[in-house]
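Reader: I'd like to learn how to read salt bridges in a structure like this one. Could you walk me through some?

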Amino acid sequence: MKKTLLALGLASASALTPALAQSTAPAPGAMTPAAATVQVSIAADQPGPVIHRNVYGQFAEHLGTGIYEGMWVGPDSKIPNVRGWRKDVVGALKALKVPLVRWPGGCFADEYHWRDGIGPRSKRPVKVNTNWGGVPENNAVGTHEFFDLVEQLGAEAYVNGNLGTGSAQEMSEWIEYMTAEGNSTLAQLRRKNGRDKPFRLHYFAIGNEAWGCGGNMSPEYYVNLYRQVATFLKTPENNRPKFIASGGNADDTRWTEVLSAQQNVYFPFDAINHHYYVFSGGAWEKKGHAVGFKEEEWLSLLSYTQEFENVVKADIAILDKNDPKKKLGLYLDEWGAWYLPDPGSNPGFLVQRNTLRDAVLAALHFHMFHRHADRVHMTNIAQMVNVLQAMIQTDKDKMVLTPTYHAYAMYTPFQDATTVPVSLSDNPTYALGGRQMPTVNATAARGKDGKLYVALVNVNPRESETVQLAVQGAGASKAIGQVLSADKMDAENTFAAPDTVKPKPYQAQASNGKLGLTLPPKSIVVVAVE
Ligand code: AHR
């Protein structure tokens, strides 16, 4: 995504400060939806595709304080840690049931040399993180530390290989180091460095954003490089990762077209990725503010989820043409809101505040991913801690959970749940400043625990919405769950006030077999329907 090298060696990330006051008075020209009841119909007896738990995956890059300080403090730190990983942060992430972590980048991946990150930490080389702020990278977090993190989390490992400045040999040796069982020199080196059994490698990507920071390639050139490298990536049969080809960005679906057309030649891959960030102004050059925005920007940012869905549909149409047996996954392994950097922070650290709008944005994305669950088997929000649309923000030993964190927590029942069709009618349009979207957005799935889960979002920040929920093929006597909302569109959690945006209990009772739910303004409601 980054178009130019960011400024090197600037000041460190700023401390987080309380939100600017933000009025919720009606904006001039806002279209107020008619006060009708939105009808939501759920076909609980028509199971659809399963929502792969990795749709709720995370991304952790060597970028700013995303890893160092945010998660890794080292075993000698006064901040309580387990082998260097902060207890508070890992504990909070475990509560989210993080299913998968992508590492070490992003743009960082194509300048990362794995041998720099093994052996005694005091002897590891110090490099310059040229992509992100020009700060020293001491390689304290390397392969062993990363796998320790995912094992502590109970998550799957997604390692992004270095195609940009690496080689087929370097990637093939890294894979051997991670997965070899026998007594090869690399397996013995891994044992010498403290790990007897191979690491379980679930996913491996060949390069990142090959169209940009990964090497400014054309898809045709990348295809040839991919084929050459993939020839040499060998693992034991029981530890073969899914191989991921680096795909398109924003509305560029040509990568999906070119890569998926490689079905008939030697091109072993399991998925194509696609990156899509949203900006309040609709483009990389038109980033808005994370806080203190007007209602027009509330709507514009949220509404760009629709453009994202159009791209996903276009990618899927290409895949359905070139891969009708649906062998390939579409992995949306970088997504989220990208704002102007927090004032006073190092612009290369991508620090931004996180508000109720980000939680609502995340929920709208989840619903979209569910709608395409048969192809979208993985997504990774950018990024896990302190960077872009993070779950958690830290300042030295302090930690705060963001509204986005709470959205993820509320949607955990959807991991590995089976989708069921949802249809809406009498759904008013919310329109302002030339942008518009349906006011209510819904998704439903049968959880692994057998319960029917329904999630609803009301994007109107000024009006509540009433919803009548009818469930075909199952009864609906009550709904019990949680609601997330706040007084202000840009309400956030700060170190001084960490619980400003937090889920609260929610319940509704049925009458005449139909459930009536009231969705507060700018809210997310997730319930189990009984
Ligand atoms: O997530 C931040 C950056 O955005 C990643 O390093 C890169 O892949 C994308 O452009």
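Author: Happy to! This is a predicted model. The general idea is that side chains of opposite charge can pair when their charged atoms come close. Here, Arg53 and Asp416 form a salt bridge through their side chains, at 3.3 Å from N to O. Arg53 sits in the loop between β1 (37-43) and β2 (57-59), while Asp416 belongs to the loop between α9 (403-410) and β16 (418-419), so the bridge ties together parts 363 residues apart in sequence.

Reader: Is Asp416 buried or exposed?

Author: Asp416 is buried: its relative accessible area is 17%, and the cut-off for buried is under 20%.

Reader: Which residue forms a salt bridge with Glu151?

Author: That is Arg195, with the closest N and O atoms 3.0 Å apart. Glu151 is in helix α2 (residues 143-153) and Arg195 in the loop between α4 (185-192) and β9 (203-206), so this pair links distant parts of the chain, 44 residues apart. Glu151 is partly exposed, with 42% relative accessibility.

Reader: And where do Glu530 and Lys478 lie?

Author: Glu530 is in the segment after β26 (523-529) and Lys478 in strand β23 (residues 478-484); their pairing therefore ties together parts 52 residues apart in sequence. The N to O distance in this salt bridge is 3.8 Å. Both count as partly exposed, Glu530 at 41% and Lys478 at 28%.

Reader: Which residues do shared partners join into one network?

Author: Asp320, Asp323, Lys326, Asp374 and Arg375 are joined that way.

Reader: How many salt bridges are there?

Author: The count comes to 26.

Methods: Residues are numbered from 1 along each chain as its sequence is written. This is a predicted model: local features need pLDDT of at least 70, side-chain atom pairs count only at pLDDT 80 or more; totals for chains, interfaces and linings use all residues. Side-chain values use heavy atoms; hydrogens and water are left out. A salt bridge is a side-chain nitrogen of Lys or Arg within 4 Å of a carboxyl oxygen of Asp or Glu. Helices (H or I, at least four residues) and strands (E, at least two) are DSSP runs, numbered from the N terminus. Buried means under 20% relative accessible area, exposed over 50%, partly exposed in between (1.4 Å probe, protein chains only).
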